[in-house]
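Visitor: I am new to protein structures and would like to learn how to read one. Could you walk me through a few features?

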Amino acid sequence: MVPSKGRPGRGPRAAPAAVNNCGLQLVIQTSSIPEKAKPFEFRINKEQSSFHNRLLQHDLERNYSGRQDNTNFGSSSSITFPVLQRTAEEKILNSDRLTLERQKLTVCPIIDGEDHLRLLNFQHNFITRIQNISNLHHLVFLDLYDNQIEEISGVSTLRSLRVLLLGKNRIKKISNLENLKNLDVLDLHGNQIAKIENISHLSELRVLNLARNLLTVVENLNGLDSLTELNLRHNQVSAIVCVLWFQVGVWPLLDVDTLPCLQRLFLSFNNISSFEDILCLADSSSLSDITLDGNPIAQETWYKHTVLHHMMQLRQLDMKRITEEERRMASIAARKEEERKRESHRQTLLKEKKRLTIGNIARQWEIQQNRTALEASLNKDKENEPCQINGSAAYVFPEESRSLDTILSSAVQGLSVLESHLVEVEGDTLGLYGAGALECLDRNWSVQTAGIIATVSFMFIEFDEIVQVLAKLKTKFPNCVHLKFKETNLVALQQFNALAEMHRMEQLTVDPQGNPVVNLTLWKYYVLFRLNHFNLQKINGVKVTENDILKAERLFGILAYVASSELPHYRMLSLFGESRRKQFHYLLEGKGKKSGVGSEESSDTRRSGGESTARATLNYMTKDFHMEKLEEIKERKTFCQTYIESLVEEAADINMKNESLQKLWPQMFIELVRDAVIEIRNKNSYMKLCLQRIMDQKE
Amino acid sequence: ILTSVSYSLLFAAQRHVLTYMEDAVSQLLENREDISQYGIARFFTEYFNSVRQGTHILFREFSFVQATPHNRASFLRTFWRCFRTVGKNGGKYSSICCYLLTAQEYHCLLQLLCPDFPMELTQKAARIVLMDDAMDCLMSFSDFLFAFQIQFYYSEFLESVAAIYQDLLAGKNPNTVIVPTSSSGQHRQRQPPNDCNPLEGVEASLFYQCLESLCDRSKYSCPPSALVKEMLSSVQRMTFYEFLMALAKDQGINRALGALPDKGDLFLDPAMDQELEKLVAQVSGLSVSGPASSSADTANMPVRNSPRINSPWKPLHHRRKMDAESEGSNEETDSSEN
């Protein structure tokens, strides 16, 4: 039998049940005795006041007159004790029991000549202190329910006591039970006990009722090897305002192994909110009955089946029998619940991991940025160094920064355990964190996923690195219309040129965080101007107006015009990419024709998503690439220099020779003519000479 | 006795002809595939035409842009033409407000024309405008442009001036100062700490003497001595930044340089405005008729057919004269001549 909640006066009725349980052969007629108890007469013996501590009272007078003399009783002061007398018949009738219920007693009367008394009932009195019963060595049952006792005392001699009912009193502390080794039932419900203590020696105790107390912690239950019923529930009848029941987390302290016989555990109306707090109960093989109603945990949807699933040994839960069907359902539901829990746990883990990874990426990014800044400042410092008059000061800084650098690198190593990048697909958004994430563009994406992606967001990646994968991005995610940049080191307007190579773009979001370019007054207009062919709808979430577009054109239109009209052809070609080049050649060929042809053709260009030629010349090279190119240019330049030098030398040499020839020629000519004239002056000898020459030749 | 060959070589050196020849060959090599399609002769014509017009520096690397005075002037002029609209105030385009920008933003604009333009130069120009003050201040387009002109065009001259100024401040005899060459950049960072000096700056006449001898010896472009003299004779003392500011504000120097119009005419460029109107009309037409409208390229391209009609480099001959006066006549050595 289990006490049902909200029933006043449960205490006295619980007692017989308890007695039955322990197999004590006592029958208490609670219904008949109260009326009969009234005839007892008490007489105040004033002389007793000085002896009230004596264990044996010999002056106890027996006066069974059948009358009731309550005046003595009511006016009794704390220093006088009534002396109880019973008639002989009464004694014979109830030789071993004495019931003094509702007698408005404020003290325990002196009971004389009743040494054989086994049952004593003081229910519903005003007793503040247990006294004058220490001589009742045979007492087995002591009921002090509903009194005003503040301390357990005066019972240490009652070694045969098996049932002690102290419910509804004012007890604050469990004490003085040391000698009651045979105690079977201990009812302390409805008191002000805040701590379970001094009971671990009660190895015979079977029932412990601590309901409606001030317990916050359940402890010191070890040693109660026979305990079968533990009542810790909070009774609704309680008038105690501040009932602090078990707090979350105290339950693990209850080690059920120390209660090997525990069968019934009443935990209703406590503060148990999670199943983990009572999970240890599942290990108890003896537990068959438990109540948990009135706890936060009982409100949960998973409550019943979780409890049933984990405590297969239970026969009753919250006073209801558990059927096989219920158990089966519970185990199924619990399994489902567990799966769901595991899933959600996995989700939380993933989320946490993501959070950590992003944090890590952010840290690495920051370190990297710091290092770049450091290097820049170092370089600057080196430049400054020579002119620094105070040399010693100049050397301090590099030293410091070097040590700082090693600190930074060691920090990076420590972090490298965590992943340094993260790729995430959420809805139609592809999120890329950290430079390593860009590698995902090399992966094979399913057509479906790739088709869904409409937004790509870059975080903690150098813009220059993004530029290099834009072509891949374009082919992998053809439906991407929104690019987001956060912490990407966008610093210059020209970097936006790189975005022009996308297929299409409806939105562009550049987070001010880590992108200094957003601080520039003109960046939006430049984007609108340069990415004019995309017909951008929104920039940083703000709708683009026609006015914006016009303004952008007014600001940068001339740049486009200059770029297109004043750039030499050969340069234009080199500035275009391959595809643009073809179009441009085509344009050049059609140049001779009228512009009507041109318009058809450029509509072609536009249809294929092309940008205006003028703008195409405004492109962006990443820093590395640019450096490479500069290197190339430098090489070529040195070659050209030597080549031109040699050309000039040669030209100068030729020119010099030519000039000399020009100078010498008239003289040479004159000499030639003079020689000829001299030779032919003597006609005969000249003829002879000529003949001679012919002869010589013939020979 | 110099022969005519040496004379022509000297001329070539002065006009940096070799630089352009080298660059032409370099460009030829870089774009040989494209160029081979339409003829090497045509390429050279085009190249030297663009040099004459000053359009050859567009989107070129910084080392080339600053290689010759002509290139520098061309760059200044291109910068002005392209971004005049940014600084434009009121007038016909009252819809565009006059933007005040930071040095960083001007630098971004410069980089649109020359991707590897160094931040250092922009910062120095900004320092002239802001008199070495906080660098995040906003500047008007014209202030920046004229300061930038001085800084960019007379870059080497200014470095030498800084060195001389420093020595004068320190009380050294500046005549013993060796004119800094490219390796002597050490003086440019530490600008004179002239804040707490009761007699700020240096004595103007002494300063001028030093500058005059510097101009005589320097192989780099210097502002016309007469104008510098005028500037320095009007005051007793002058600080370094006062001097730079005066240089930047001097319209005579601006005219001598010949790259930019007078300050009053800075926002006038009717030919360009006309083109801009056309472009804007297209864009507004586009935005009305949607993206399928097709006029953008056609309108851009035909212009190419007659780019030389209104040459972007009209005052070129005038500039050349001034240039020869200021720079060429008194220096016989040049590194490119050997």
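**Reading strands and helices**

Guide: Gladly! Keep in mind that this is a predicted model. Let us start with a right-handed β-α-β unit, made in chain A by β19(A), helix α10 (residues 523–530) and β20(A).

Visitor: How many bridges join β19(A) to strand β20 of chain A, and in which sense do they run?

Guide: As a general idea, strands of a sheet pair through backbone hydrogen bonds, either parallel or antiparallel. Here β19(A) and strand β20 (residues 538–539) of chain A run parallel, joined by two bridges. Look for L508(A), which stands opposite I539(A) in β20(A). β19(A), residues 507–510, is also joined by four bridges to strand β18 (residues 482–486) of chain A, again in parallel. There, F485(A) stands opposite V510(A).

Visitor: What is the order of the eleven strands in the open sheet of chain A?

Guide: Read across the sheet: β3-β5-β6-β7-β8-β9-β10-β11-β12-β13-β14, with mixed pairing. At the edges stand β3 (97–99) and β14 (320–321) of chain A, each with a single partner strand, so one side of each has no neighbour in the sheet. Within this sheet, β7 (residues 163–165) and β8 (residues 185–187) of chain A pair in the parallel sense over three bridges. L165(A) has D187(A) as its bridge partner in β8(A).

Visitor: Which residues of helix α4 in chain B are buried?

Guide: They are F43(B), E46(B), Y47(B), S50(B), V51(B) and Q53(B). These residues lie on the same side of α4(B), because they cover an arc of only 165 degrees around the axis. Just after α4(B) comes G54(B), with a positive phi of about 85 degrees.

Definitions and conventions: Residues numbered from 1 in each chain as written. Chains lettered and ligands numbered in written order. Predicted model: local features only at pLDDT ≥ 70, side-chain atom pairs only at ≥ 80, totals over all residues. Heavy atoms only, no water. Pairing = 2+ DSSP bridges. Right-handed = clockwise from strand over helix to strand, strands pointing away. Buried < 20%, exposed > 50% of the residue type's maximum accessible area, 1.4 Å probe, protein only. Arc of directions from axis to C-beta.
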